[in-house]
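Please look through the sequence and the model below.

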2 protein chains.
Amino acid sequence: MAKKNKWIADHITDNEYHLYKVKKVLVDKETDYQHVKFIETKDYGKCLYLNDHIQFAEKDEYIYHELLIHPALITHPEPKKVLVIGGGDGFALREILKHNTVKEVIVVDIDMQVVELMSELNGKYFQDKRVKMIYGDGRKYLEDTSEIYDVIVLDLSEPVKDGPSNLLFTKEFYNIVKKKLSKIGLMVVQAISPIHPYRKIHIAIYNTLCYIFPIVKLFYAYIPSYGTEWGFAIASKKYDPENLTKDEIEKRLTKRYIKGLKYYYSDLHKGLFTIPKDLLNDINLNKKLIITDKKPLFV
Amino acid sequence: MAKKNKWIADHITDNEYHLYKVKKVLVDKETDYQHVKFIETKDYGKCLYLNDHIQFAEKDEYIYHELLIHPALITHPEPKKVLVIGGGDGFALREILKHNTVKEVIVVDIDMQVVELMSELNGKYFQDKRVKMIYGDGRKYLEDTSEIYDVIVLDLSEPVKDGPSNLLFTKEFYNIVKKKLSKIGLMVVQAISPIHPYRKIHIAIYNTLCYIFPIVKLFYAYIPSYGTEWGFAIASKKYDPENLTKDEIEKRLTKRYIKGLKYYYSDLHKGLFTIPKDLLNDINLNKKLIITDKKPLFV
């Protein structure tokens, strides 16, 4: 009976919490890398929390995952080889495999226990012949590999002190990513919420990408189960996602036989890269904020 | 001491609450028309609640009020005469007065006690020679007046059972608004959150406007103190806000000497009218949902 009325509290700041009614706690444990909670909530279905930060909710994960993948993959004229760092839940993979240009996807996630936990939902995508799953540190994988990718997707948990993704948000790491991208390659990263109290780290991610890549574009969506707006960034060597015409986007979607999208389409892409003036001003006021291995930032 | 740790709970659904730490309760009373709370919160400054729905927070009210006013007023080539129904807090008025084309603004609010409560913050805008304040029922005012307006702004509290704004969201009312607009006039309305549990009423507002006006455009912004994304709609007789070029927007902003905007600018306007696919689909699935005097809808 006690569990019936349990709530999970999302800590926004010490002065703001969002409470969600819990239907059932499915998993609550420490893995070798992080604290994992898998909780069925009343309003949002099953939700995965890593180190107390929500990663996805069944009900609206399509918003995050479609935006993480499709603007980036559509911007590349023919993405064949894609690397995902993180993304062990398999949702980003599901979206990548919708592009029939893609011949090979490598997923590198550090936490086998998370991947296994999600296998009931998304195990089938890892069975696809085009997919190779590697358990390990994404940064080490990228340093060591001789492979070159068309698109690299950083589907990471938020950087928290002693968390597994701290050194995957730094200038040094983005430089490694750049080296492992083809001449016309691009990367995409979930870039944390642009809303307080995360705005500074969001801006720092943007600045750090700008330090390494010639083209960096931010975009946003409100994700109900996160209770806030979320940010993404595409960093690109040649193609600017904002320069695609509606016609080009639609041609690529059709040519690649992409179907069943719930959130992304050509008009959305065209309106995606607008930044409100207050955020633009804050970016201009914080131009020197860069994330380095020696000075990582934590949410 | 007790008040020090008090929280105000924003009821999203029975399964979701957002909690904000209260610094000080400034006002908590029933007026003749509604329950008014004026509360200073730790993170968002002073916040006004009408019938337990947040109306504004000092810290981020500029987002709501700039979006309510500027896309609509910029779409009109020369707005001279503007009517505000609701908006007794004076913030919408502050934004309207930034357009130097405006020669006359009538504000009709039913609740004198709210206007008086806000006078310390915004009383100065009501002192402007161009402004006339009328206390009364907005619908009755509009039915009785022989005046014709360039722009009509509906800055209303959410429709709640027995609340003061129920009959200001209906087909019959929008028809009265249309009659009191000039041939090239337009109206703008805060159109509730498009996110559950409000999505149906948001769609119903859109459908109802489409029933009366030839051009209706939706747009959105995430407002941190609301803890959700918020919707707006422009309903227009002649000019489509989406057809303005960046150049035209900038020319109008310059020509009208508009300065000090924190959120709105030409690029934002250009990217504003994109609707995600899931919402488009829900609109298409609910085409018959119309709000009438006999069948009002409540949040």
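A residue counts as buried when its relative accessible area is under 20%, and as exposed when that area is over 50%. The model shown here is predicted. F219(B) has a relative accessibility of 0%, so this residue is classed as buried. F273(B) has a relative accessible area of 7% and is therefore buried too, under the 20% limit.

These two residues also belong together in another way. A pair of aromatic rings is described by the distance of the centres and the angle of the planes. For F219(B) and F273(B), the centres are 5.4 Å apart and the planes are at 70°, which makes this aromatic pair edge-to-face. Over all chains, the structure has 21 aromatic pairs.

In chain A, one aromatic cluster is made up of Y64(A), F219(A), Y226(A), W230(A), F232(A) and F273(A). Rings also meet charges. The charged end of K81(A) is placed over the ring of Y149(A), 5.7 Å from the ring centre. In chain B, the charged end of K81(B) sits over the ring of Y149(B), at 5.7 Å from its centre.

The next step is from residues to domains. Chain A is divided into domain 1, residues 7-57, and domain 2, residues 61-285. Their C-alpha centres lie 23 Å apart. Contact between them involves 24 residues of domain 1 and 23 residues of domain 2 in chain A. The size of an interface is often given as the accessible area lost when the parts come together. Between these two domains of chain A, about 2100 Å² is buried, and carbon and sulfur atoms give 61% of that area. On the domain 1 side, Y33(A), Q55(A) and F56(A) lose the most area to domain 2, together 26% of what that side buries. The count of salt bridges across this domain interface of chain A is zero.

Last comes the interface of the chains. Here 37 residues of chain B are in contact with 37 residues of chain A. The two chains bury about 3100 Å² between them, with 53% of it on carbon and sulfur atoms. N15(B), Y222(B) and K277(B) are the residues of chain B that lose the most area to chain A, together 21% of what the chain B side buries. Between chain B and chain A, the number of salt bridges is zero.

Key
Residues are numbered from 1 along each chain as its sequence is written. Chains are lettered from A and ligands numbered from 1 in the order in which they are written. This is a predicted model: local features need pLDDT of at least 70, side-chain atom pairs count only at pLDDT 80 or more; totals for chains, interfaces and linings use all residues. Side-chain values use heavy atoms; hydrogens and water are left out. Rings of Phe, Tyr and Trp (its six-membered ring) pair if their centres lie within 6.5 Å; planes under 30 degrees apart count as stacked, over 60 as edge-to-face and the rest as tilted. Buried means under 20% relative accessible area, exposed over 50%, partly exposed in between (1.4 Å probe, protein chains only). A charge sits over a ring if NZ of Lys or CZ of Arg is within 6 Å of the ring centre and within 35 degrees of the ring normal. Domain bounds come from an automatic or database domain assignment. Contact means heavy atoms within 4.5 Å. Buried area is the accessible area (1.4 Å probe) that two parts lose on being put together, summed over both. A salt bridge is a side-chain nitrogen of Lys or Arg within 4 Å of a carboxyl oxygen of Asp or Glu.
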